[in-house]
Amino acid sequence: MDFLENFATEPYSSSSIKSMAFIHDKKTGKANTLYLKPVQQDLLIYHDWLVQQNLNSEWLFPSTSRTERHITEKQFYKVMAHVGDLLGINYLGTHTMRKTGAYRVYTQSNYNIGLVMHLLNHSSEAMTLTYLGLDQASRETMLDQIDFG
């Protein structure tokens, strides 16, 4: 949840949204670039909501009770679990958006595993395939379902 600790100023420049933001992966220590163009409109709506709620903070995801702090991973998990309950999805967790987004990029980029590997900051394609649940056993299970005529 490295993005939780982003400063509010990171994606914004005056009255617009930057096309890139930069974070450091806590687990690996690697720098990572987030391409923001696909979510610029969402970030503008979110920014307007923060202003309407009078949540003036240096954090992109401020705590609503103590705006000098960002929300914690535990708080984010509770939000995601509540959204999952509202949608009738019992497996929605803190990692779900990352994994779902990665899988969508994989399928919509014509299975460009190198692109997904780079976005996830993984060190190998094999790691990314395993992360997506597309390791050898999963591929064999999927292939068993295909009618080759």
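## Helix packing

A crossing of two helices is right-handed if the near helix is turned clockwise from the far one by less than a right angle. In this predicted model, the crossing of α3 and α4 is right-handed.

Helix α3 covers residues 96-108 and helix α4 covers residues 113-120. Their axes are 9 Å apart, and the two helices pack at an angle of about 155 degrees. Angles over 145 degrees count as roughly antiparallel, and α3 and α4 are therefore roughly antiparallel to each other. On the α3 side, the residues in contact are Arg 98, Ala 102, Val 105 and Tyr 106. They meet Ile 113, Leu 115, Val 116, Leu 119 and Leu 120 of α4.

## Aromatic pairs

The structure holds four aromatic pairs. One of them joins Tyr 46 and Trp 49, whose ring centres are 6.2 Å apart. The planes of these two rings stand at 20 degrees, so the pair is stacked. Both residues belong to helix α1 (residues 40-52), where they are three residues apart and thus separated by about one helical turn. Tyr 46 is partly exposed, with a relative accessible area of 21%. Trp 49 is also partly exposed, and its relative accessible area is 38%.

Tyr 46 pairs with Phe 61 as well, with ring centres 5.5 Å apart. Here the planes are at 40 degrees, so this pair is tilted. Phe 61 lies in the loop between α1 and α2 (73-87), whereas Tyr 46 lies in helix α1, so the pair ties together parts that are 15 residues apart in sequence. Phe 61 counts as partly exposed, at 22% relative accessibility. Tyr 46, Trp 49 and Phe 61 form one aromatic cluster.

## A charge over a ring

Another contact with an aromatic ring involves a lysine. Lys 99 lies over the face of Tyr 131, and its distance from the ring centre is 5.5 Å.

## Loop residues with positive phi

Asn 54 has a phi near 60 degrees, a positive value in a residue other than glycine. Asn 54 is placed in the loop between α1 and α2. With a relative accessible area of 58%, Asn 54 is exposed.

Tyr 111 has a positive phi too, near 65 degrees, and is likewise a residue other than glycine. The place of Tyr 111 is in the loop between α3 and α4.

Terms used
Residues numbered from 1 in each chain as written. Predicted model: local features only at pLDDT ≥ 70, side-chain atom pairs only at ≥ 80, totals over all residues. Heavy atoms only, no water. Phe/Tyr/Trp six-rings, centres within 6.5 Å; stacked < 30°, edge-to-face > 60°. Helix = DSSP H or I, 4+ residues; strand = E, 2+ residues; numbered from the N terminus. Buried < 20%, exposed > 50% of the residue type's maximum accessible area, 1.4 Å probe, protein only. Lys NZ or Arg CZ within 6 Å of the ring centre and 35° of its normal. Axes fitted to C-alpha atoms, helices over the stretch in contact; angles between N-to-C directions. Parallel < 35°, antiparallel > 145°, perpendicular 65-115°, else oblique. Contact = heavy atoms within 4.5 Å.
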